[in-house]
Amino acid sequence: MSFYDELEKLDFDEWNARVINASENSVIDALMHQNRTVEDFAALLSPAAVKYLPRMVKEAERLTRKRFGQTLGMYIPLYLTNLCNNSCKYCGFAAENKFRRKVLNQEEVYAECEAIKKMGYETILVVTGEHEKKGGMDYFRQMIPIVKKYSTYLMMEVQPMNTEDYRELKELGVDAVMVYQETYHKPTYQENHPRGRKKDMRYRMETPERLGEAGMDKIGMGILLGLADYHADACMLAHHISYMRKHYWQSKISLSFPRLRPAAGGFVPPYPVSEKQLIQYICAFRLFDPELEISISTRESSQFRDAIVPIAINSISAGSSTQPGGYAADHHDLPQFIINDDRGVKEISRHFEKMGLDLIWHSSRVS
Ligand code: SF4
């Protein structure tokens with residue numbers, strides 16, 4: 001029985017109604033509880049909880065500081081290739097989009113790593129599209145040892161793989177793997193992932209379990225905000241996190257909150273999420289599970305990041321490029337998504353240091 005089988009027993013619409021119709025009393029109860037359930041989480045995410053947002057923010061900040069002190073991990077994405085066999089309707093890298101595709105060779109990976117080193121980063125997130133043939137294990141066997149030389153904590157955001165591959169990646173020095181479910185709503189998942197391996201929802205959803213079996217230090221989870229109604233989707237994610245905590249308690253869990261942004265193909269998010277809703281969403285997760293490592297990327301605006309970081313965030317990226325070769329060379333190919341916070345690394349780090357946060361460059365192990 002995997003979480004995919006558990007999901008079969010959860011009714012998406014029923015959980016949506018539970019969030020929308022949550023009473024003020026259930027919000028007050030959820031705020032008072034020490035250990036919060038998914039039912040509490042649903043109440044904290046509800047319209048009835050909006051009135052209590054200042055209290056949620058205060059509590060989220062208290063829990064973040066209690067668990068992680070003043071630390072803020074700094075990481076940078078390193079795009080190795082923008083090749084992709086999938087056709088996600090919301091993504092600039094989708095197979096149908098015509099633009100120059102690039103796969104970095106060893107020399108180019110070294111050049112990117114040198115450029116990243118000059119920026120001061122040692123926590124690197126390797127990112128690729130999903131392309132088994134040119135961006136699969138054979139390619140990773142060549143490239144990961146290079147990136148490992150430059151990183152004290154190495155993370156990957158690549159296609160879902162099997163347990164044996166994850167074991168091998170761990171031996172090569174990979175510490176964390178992020179595979180986002182995008183949505184737990186089956187019809188929405190099928191509609192937005194019509195072709196390629198990603199079409200297989202079960203295989204993707206069971207990825208955190210394969211990572212847990214391989215003993216990965218950290219597993220990244222999340223949904224793509226804007227794709228389906230986020231109220232029920234977030235509850236499914238909370239159920240999934242509970243499942244992982246129960247079965248694979250040795251691995252840490254990190255969460256990311258990508259909000260759909262403009263991309264090639266002109267995709268318009270059917271369920272846009274406002275900044276206020278995003279703050280409530282992030283705080284609800286912090287209150288639900290204070291151990292979660294929460295990151296926020298440059299997709300969000302500088303104002304938003306400045307506001308949310310001190311409240312609940314454990315790691316951020318800055319000075320990011322979403323193009324292969326984007327640090328060492330001046331590439332202007334199609335990006336995967338539009339970057340919203342384009343401040344430089346120095347500006348951002350000075351800003352958060354002034355706010356009293358201790359920036360961690362050498363490792364994202366902020367505990
Ligand atoms: S979201 Fe990932 S899998 Fe989908 S098209 Fe973009 S790069 Fe490929």
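C283 is buried, with a relative accessible area of 0% (buried means under 20% relative accessible area, exposed over 50% and partly exposed in between, with a 1.4 Å probe and protein chains only). The model is predicted, so that local features need pLDDT of at least 70 and side-chain atom pairs count only at pLDDT 80 or more, while totals for chains, interfaces and linings use all residues. Residues are numbered from 1 along each chain as its sequence is written, and side-chain values use heavy atoms, with hydrogens and water left out.

C283 belongs to helix α13 (residues 275-288); helices (H or I, at least four residues) and strands (E, at least two) are DSSP runs, numbered from the N terminus. Leaving aside neighbours within four places in sequence, C283 is in contact with M56, V57, A60 and I311, where contact means heavy atoms within 4.5 Å. I28 lies 255 residues from C283 along the chain, and the C-alpha atoms of the two are separated by 15 Å.

The largest nonpolar core has 105 residues, of which Y281, I282 and F285 touch the most other members. A nonpolar core is a set of buried Ala, Val, Leu, Ile, Met, Phe, Trp, Tyr and Cys residues joined through side-chain atoms within 4.5 Å. Helix α12 (residues 230-247) gives the most to this core, with 10 residues. Beyond its neighbours within four places in sequence, F285 is in contact with F41, A234, L237, A238, I241, L255, F257 and L292. A second, separate core of 18 residues includes Y79, F99, A176 and F267. In soluble globular proteins, nonpolar side chains tend to be buried together.

In helix α3 (residues 24-32), the buried residues are V27, A30 and L31. They fall within an arc of 100 degrees seen down the axis of α3, so they line one face of the helix; the arc is that of the directions from the helix axis to the C-beta atoms. N25 and M32, on the other side of α3, are exposed. The packing partners of the buried residues of α3 are α4 (38-44), α5 (53-68) and α13.

Helix α8 (residues 163-171) has T163, D165, Y166 and L169 buried. These residues cover an arc of only 155 degrees around the axis, which puts them on the same side of α8. They pack against α7 (137-149), β3 (153-157), β4 (176-178) and α11 (207-213). The N-terminal end of α8 is capped by N162, with a side-chain oxygen 3.1 Å from the backbone nitrogen of E164. Just after α8, G173 takes a positive phi of about 110 degrees.

Two loop residues are also buried. S251 lies in the loop between α12 and β6 (252-256) and has a relative accessible area of 4%. The side chain of S251 reaches the backbone oxygen of M216 at 2.6 Å. E182 is in the loop between β4 and α9 (186-192), and its relative accessible area is 9%. Although E182 is not a glycine, its phi is positive, at about 75 degrees. Most residues other than glycine have a negative phi.

The ligand is surrounded by 11 residues, and the closest are C84, N86, C88, C91 and E130; a residue is counted if one of its heavy atoms lies within 4 Å. By class, this shell has six nonpolar, three polar and two charged residues.

Notes:
Nonpolar A, V, L, I, M, F, W, Y, C, P; charged D, E, K, R; others polar. Polar contact = N/O pair within 3.5 Å; in protein donor to acceptor, adjacent residues only side chain to side chain.
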